[in-house]
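Thank you all for coming; I would like to take a few minutes to walk through one structure. Please keep the sequence and the three-dimensional view open while I talk.

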Amino acid sequence: KIKILSALQADCSCRRADQRSPDKSHAKQKSFYMAFIRVTKKESSDKMKFELDTGDRIYQTSEITEELIKDCIDRLSRDKIEFMVLQPRNPVKHSQFVQALRGFVVETRFINDNQEFSQYSYITEDKIEVETIFVNYWKENMPPNVENWKDITKTLEPNFLTRLIRKLKKR
């Protein structure tokens, strides 16, 4: 957005320069439009890529819409599907995915810079709340606020013996 603003400012100065020197203004206008095209291309390539897995089908970024997300949540509420997982190609503010299971058990996992994760779970009966969580994750790149969610990380971590075996294998 700042780059676009700078480009617009450059366009305004081109117009002022145009009144003084037509030859220089053409070069500045061309520069402005080239900068605008670069910014526009960058913004479209920066769009977060997602995958939505419903068990019976995997949807790619180009297929995912707000209506599709709401339809999947509706199917989940009617037990037509068992789960849905919305996963970005790259973590959304350290969140690797958001998922919902039957009965609206909603979960998300955060990963830190050391590749350690924390996973949180939330149970609700409110379909609109689940829709809001998923749509905000996909559309706004906003992970859910897990402040009042249950931390289930310990239930997912391998037991001591499994961790020990993994460490020994690495040596």
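Before I come to the pocket, let me say what I mean by the word: on a 1 Å grid over the protein atoms alone, a pocket is an open set of points with protein on both sides within 12 Å along at least five of seven lines, and its lining residues are those that have an atom within 4 Å of a point. Please also bear in mind that what you are looking at is a predicted model.

With that wording in place, the second largest pocket is lined by Y122, E129, T132, I133, N136, M142, P143, P144, N145 and W149. The space in this pocket comes to about 160 Å³, and helix α4 supplies the largest share of its lining, namely 4 residues.

Let me step back to the chain as a whole. The protein chain holds 6 helices and 7 strands, and if you follow the elements from the N terminus, they come in the order α-α-β-β-α-β-β-β-β-α-β-α-α. If we take the contacts between residues at least 6 apart in sequence, 48% of them join residues that are at least 24 apart.

Now to the interior. In soluble globular proteins, nonpolar side chains tend to be buried together. Here, the largest nonpolar core has 27 residues, and the members that touch the most others are L52, I64, I69, M84, L86 and F134. Two or more residues of this core come from each of β1 (50-53), α3 (66-77), β3 (83-88), β4 (95-101), β5 (105-111) and α4 (127-139), and α4 gives the largest share, 6 residues. As one example, if we set aside its neighbours within four places in sequence, L52 is in contact with R57, I58, Y59, I64, L68, C72, M84, V85 and L86.

What about the charged side chains, and how many salt bridges does a search of the whole structure find? The search finds 7. In general, side chains of opposite charge can pair when their charged atoms come close.

Is R75 buried or exposed? At 15% relative accessibility, R75 counts as buried, whereas D56, at 52%, counts as exposed.

A further salt bridge joins the side chains of R78 and D74, at 3.0 Å from N to O, and R78 is partly exposed, with a relative accessible area of 44%. D79, for its part, forms a salt bridge with R102, where the closest N and O atoms are 3.6 Å apart. D79 lies in the loop between α3 and β3 and R102 in the loop between β4 and β5, so this pair ties together parts that are 23 residues apart in sequence. Both partners are partly exposed, D79 with a relative accessible area of 46% and R102 at 39%.

Finally, E66, K70 and K139 are linked in a network of salt bridges.

Terms used: Residues are numbered from 1 along each chain as its sequence is written. This is a predicted model: local features need pLDDT of at least 70, side-chain atom pairs count only at pLDDT 80 or more; totals for chains, interfaces and linings use all residues. Side-chain values use heavy atoms; hydrogens and water are left out. A nonpolar core is a set of buried Ala, Val, Leu, Ile, Met, Phe, Trp, Tyr and Cys residues joined through side-chain atoms within 4.5 Å. Buried means under 20% relative accessible area, exposed over 50%, partly exposed in between (1.4 Å probe, protein chains only). Contact means heavy atoms within 4.5 Å. A salt bridge is a side-chain nitrogen of Lys or Arg within 4 Å of a carboxyl oxygen of Asp or Glu. On a 1 Å grid over the protein atoms alone, a cavity is a set of points where a 1.4 Å probe fits but cannot get out, and a pocket is an open set with protein on both sides within 12 Å along at least five of seven lines; lining residues have an atom within 4 Å of a point. Grid points are joined across faces, edges and corners, and a volume is the space filled by probe spheres set on the points.
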